[in-house]
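Here is a short report for a reader who is new to this structure. Look over the sequence and the model, then read on.

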Protein chains: 2
Amino acid sequence: MQRKIEVCLTPALINLYTITESIVVVIDILRATSSIVYGIDNGAEAIIPVAQVEECLTYADKGFLLAAERNGEVVAGYDFGNSPFSYTPDKVAGKTVVLTTTNGTKALHLARKAHQVVIGSFLNLESLCSWLKTQDRDILLLCAGWKDQFNLEDTIFAGAVVQQLRSSFVLSDDASVAAEDLYILAKDNLRAYVGKSSHSNRMVALNIEEDVQFCLQLNICTAIPVLVGDSLVALKK
Amino acid sequence: MQRKIEVCLTPALINLYTITESIVVVIDILRATSSIVYGIDNGAEAIIPVAQVEECLTYADKGFLLAAERNGEVVAGYDFGNSPFSYTPDKVAGKTVVLTTTNGTKALHLARKAHQVVIGSFLNLESLCSWLKTQDRDILLLCAGWKDQFNLEDTIFAGAVVQQLRSSFVLSDDASVAAEDLYILAKDNLRAYVGKSSHSNRMVALNIEEDVQFCLQLNICTAIPVLVGDSLVALKK
C-alpha cells in the first residue's frame with residue numbers, strides 16, 4: 001500500500017482527518033516548533049507542552065523552566081516565552097522546560113491521538129524528512145496557524161516537506177498541492193515571502209525580526225522532537 | 001476606513017469571521033456556483049438553495065424544477081443536478097429551480113447572516129468584481145471546498161477576485177495572499193492547474209470533463225446572483 005501525505009491547514013480542520021495510525025508533524029514556524037527543535041537539539045532533557053498558562057504553574061517548584069507566550073509576548077512572571085534565543089545550550093541543556101504558546105501547544109494537544117507526534121521546523125527539515133521516508137506510515141502535516149486561521153509560514157514549511165517526500169508518498173489532498181506550490185514560490189527568499197504574511201507583520205510590531213530570521217534557517221539542527229507521554233524528547237534514530 | 005478583503009478557505013472556518021456587516025461571495029466552481037450564475041444569466045427567475053435532498057421534495061408539485069447533486073452525481077428521481085448544461089435558456093428561462101448540492105448550498109446557508117450574499121464563478125468574474133468595487137463594504141470570499149476540506153479550484157477563483165480588488169481593498173489575512181499567488185500560478189492554464197486537484201480527479205471519474213471546461217471559462221455571463229430571502233435572483237445593478 002502506498003503511503004499518503006496530507007496537509008491540515010489549521011487545527012480547526014483536524015477532525016477531518018483520521019490520524020490514529022498516522023505520524024503527525026506539528027508545525028508552528030513562528031516560533032514554537034522552531035524553538036522546540038532548537039531546544040531539544042541543544043540538549044534540553046524534555047519540553048512539556050501544556051495548553052493553558054495556568055497549567056504551567058502546576059510545574060513550579062519542580063526545578064523546571066517555565067515558558068509562556070500569548071499573542072507573541074512572554075507572559076509576565078515566566079522565565080521566558082517562545083523566542084529561539086531562550087533555548088540556547090547555556091539555558092536549556094539538561095533542563096526540562098514547561099511551555100505554553102498561543103497556537104503551537106494547542107495543535108500539539110489536538111494531535112495526541114496520532115500513532116506518533118513529531119515536531120517540524122526549517123531548522124530540522126532535512127533530518128525530519130529523511131526519517132519520515134523510512135517510516136511505513138501515512139503522514140499528516142498539521143499547521144498550527146494563527147488562532148485557527150491559515151498562515152503562510154506554516155503552510156510553506158508543509159510544502160517543503162511535501163516536496164521532499166512526494167517521490168515516496170501519494171499526495172492525497174489539494175492542500176498538499178497548494179502548500180508545495182507556495183513553497184516553490186517562496187523558497188528562494190523565505191524571509192521576503194513570509195513578509196507577505198499578516199502574522200509576520202505582527203512580528204515586526206513585536207520587534208522580533210531576529211527571531212523570524214532565525215526560524216527561517218535551514219537544517220542547523222538534526223534533532224527530531226517526539227511526543228512521549230506528556231513530554232517532547234529527542235527521537236532516538 | 002479602508003475596506004478589507006478576506007478569504008475563508010473552507011466552510012468549516014466560517015465562524016472565525018464576523019460577516020454581519022460584510023458582503024460574502026460564495027464560491028463552488030465545480031459546479032454549483034458556476035451553474036447558478038449560468039442559470040440566472042439565462043433567465044431563471046430564481047434558484048432556491050436548500051441544504052438537504054429531502055427539503056427539495058417539499059417544493060414538489062409547485063411547478064419548480066428540482067435539482068439535487070450528491071458526491072458529484074444527480075440524485076435519482078430529480079430533474080437534474082448541478083451540471084451547467086442543465087441550466088441553459090431552454091431549460092430554465094422563467095423557471096424557478098430548487099437546488100441542493102454537496103458543498104455549495106451548505107456554504108450558502110452558512111453565509112446567510114451576512115449583510116449580503118452573492119454568487120461568484122469564473123463565468124461572471126469581471127461583472128462581480130466591478131460591482132464589488134462600488135460597494136462600501138468589507139468582503140469575505142467563502143470557498144465551499146469539498147466536504148469541509150480546502151480545494152484548489154475555489155481557492156484560485158478567490159485569488160482571481162483578490163487580484164482584481166487588491167488596489168481598492170486591504171488584504172487582511174494570509175489566505176488572501178496565498179489564494180492570489182496560487183491564481184497567478186494557475187491563470188495561464190486554469191484547466192491544467194485544476195488538473196492537479198483531487199476534486200478534479202473525481203470529476204474525471206464522473207466523466208464530466210465538459211462541465212469542468214465549461215466552468216473555467218471567463219466572463220461569459222454578466223448576472224450576479226444575490227440571495228434575497230430564501231432565493232437567489234439576479235442582482236439589479
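## Two loops with positive phi

K147(B) sits in the loop between β8 (139–143) and α6 of chain B. Helices (H or I, at least four residues) and strands (E, at least two) are DSSP runs, numbered from the N terminus. Phi of K147(B) is near 50°, a positive value in a residue other than glycine. K147(B) has 15 C-beta neighbours inside 10 Å and counts as partly exposed. A residue is buried if 20 or more other C-beta atoms lie within 10 Å of its own, exposed if 12 or fewer, and partly exposed in between; C-beta atoms are placed from the backbone.

In chain A, D148(A) lies in the loop between β8 and α6. Its phi is near 75°, again positive in a residue other than glycine. D148(A) has 17 other C-beta atoms within 10 Å and is partly exposed.

## Model and numbering

This is a predicted model: local features need pLDDT of at least 70, side-chain atom pairs count only at pLDDT 80 or more, and totals for chains, interfaces and linings use all residues. Residues are numbered from 1 along each chain as its sequence is written, while chains are lettered from A and ligands numbered from 1 in the order in which they are written.

## Chain A as a whole

Chain A has ten helices and eleven strands. Its radius of gyration is 16 Å, close to the 18 Å that the globule rule gives for 237 residues, so chain A is as compact as a globular protein of that length. The radius is taken over C-alpha atoms, and the rule is 2.2 Å times the number of residues to the power 0.38. Along its principal axes, the C-alpha trace of chain A spans about 50 × 35 × 30 Å.

Buried residues make up 55% of the 237 residues in chain A. Take the contacts in chain A between residues at least 6 apart in sequence: 79% of them join residues at least 24 apart. Two residues are in contact if their C-beta atoms, placed from the backbone, lie within 7 Å.

## Two copies and their contact

A rotation of 180° with 0.0 Å of shift along its axis superposes chain B on chain A, with an RMSD of 0.0 Å. That is the relation of a two-fold axis. The same surface serves both copies: 100% of the contact residues of chain B recur in chain A.

The contact takes 24 residues from chain B and 24 residues from chain A. On the side of chain B that touches chain A, α6 (152–165), α7 (174–186) and α9 (198–205) of chain B each supply at least two residues. The largest share of that side, seven residues, comes from α7(B). Its residues divide into eleven nonpolar, eight polar and five charged. Here Ala, Val, Leu, Ile, Met, Phe, Trp, Tyr, Cys and Pro count as nonpolar, Asp, Glu, Lys and Arg as charged, and the others, Gly among them, as polar.

The largest nonpolar core has 165 residues. Such a core is a set of buried Ala, Val, Leu, Ile, Met, Phe, Trp, Tyr and Cys residues joined through C-beta atoms within 7 Å. V25(A) is among those with the most contacts inside it. Leaving aside neighbours within four places in sequence, the contacts of V25(A) include V118(A), L128(A) and V161(A).

Which residues of helix α5 (residues 125–133) of chain A are buried? They are L125(A), L128(A) and L132(A). Seen down the axis of α5(A), these buried residues fall within an arc of 70°, so they line one face of the helix. The arc is that of the directions from the helix axis to the C-beta atoms. The buried residues of α5(A) pack against β2 (23–27), β7 (116–120), β8 (139–143) and α6 (152–165) of chain A.

The peptide bond from L30(A) to R31(A) is cis, with omega near 5°. R31(A) lies in the loop between β2 and α1 (32–41) of chain A. In chain B, the bond from L30(B) to R31(B) is cis, with omega near 10°.

Helix α1(B) is mostly covered: ten of its ten residues are buried. Just after α1(B), G43(B) takes a positive phi of about 95°.

Conventions:
Copies are superposed by least squares on the C-alpha atoms of residues with pLDDT of at least 70 in both.
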